[in-house]
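Here are some friendly notes to read alongside the model. Please keep the 3D view open and find each residue as you go.

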Amino acid sequence: MAALLAAVAFQTRRAVRSRGATLDPERMVNRLVLARAAALVGAVLAGGYAGYAMTWLDSHPDLVVERVGLSALAALGGVAVVISAKFLEWACRVPKSDPHP
């Protein structure tokens, strides 16, 4: 998910920065909504998995390695989704036009 968001962000950034490209406003709004929703879901997942990992810290050592490790990895995945989504939000910004050409 994070890689897909990053790819869309790079494509959007390139399209916004090119002078000759015409941007469909509806498509840009859809990408912005996607970015905001993905950032929210990624944050919830990262927090949920981090909390789940912390509940297993005082368990049997074999369980700690397995469950805390996988939960921490999933939490990092959620953080990666948030970072990619924020980059997509940033890529959707249209630069201010210069009033003096």
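The numbered points below go through the core, a helix and the aromatic rings.

1. First, some ground rules. This is a predicted model, in which local features need pLDDT of at least 70 and side-chain atom pairs count only at pLDDT 80 or more, while totals for chains, interfaces and linings use all residues. Residues are numbered from 1 along each chain as its sequence is written, and side-chain values use heavy atoms, leaving out hydrogens and water.

2. Start with the core. The largest nonpolar core has 12 residues, including Ala 2, Leu 5, Val 16, Met 28, Val 81 and Cys 92. A nonpolar core is a set of buried Ala, Val, Leu, Ile, Met, Phe, Trp, Tyr and Cys residues joined through side-chain atoms within 4.5 Å. Buried means under 20% relative accessible area, exposed over 50%, and partly exposed in between (1.4 Å probe, protein chains only). Two or more core residues come from each of α1 (2-17), α2 (25-55) and α3 (61-91). Helices are DSSP runs (H or I, at least four residues), numbered from the N terminus.

3. Now look at Ala 2. Leaving aside neighbours within four places in sequence, Ala 2 is in contact (heavy atoms within 4.5 Å) with Ala 80, Val 81 and Ser 84.

4. How far apart are the end C-alpha atoms of α3? They are 44 Å apart, which agrees with the 45 Å that its 31 residues should span at 1.5 Å a residue. The expected span is 1.5 Å times one less than the number of residues. The buried residues of α3 pack against α1 and α2.

5. Is Ser 71 buried or exposed? Ser 71, in helix α3, is buried, because its relative accessible area is 4%. Not counting residues up to four places away in sequence, Ser 71 touches Tyr 49, Tyr 52 and Ala 53.

6. Next, the rings. The structure holds 3 aromatic pairs. Rings of Phe, Tyr and Trp (its six-membered ring) pair if their centres lie within 6.5 Å; planes under 30 degrees apart count as stacked, over 60 as edge-to-face and the rest as tilted. Tyr 52 and Trp 56 form an edge-to-face pair, 6.2 Å centre to centre with 65° between the planes. Tyr 52 is partly exposed at 38% relative accessibility, whereas Trp 56 is buried at 19%.

7. Finally, charges over rings. The charged end of Arg 67 sits over the ring of Trp 56, 4.2 Å from its centre. This needs NZ of Lys or CZ of Arg within 6 Å of the ring centre and within 35 degrees of the ring normal. Arg 13 lies over the face of Trp 90, at 3.8 Å from the ring centre.
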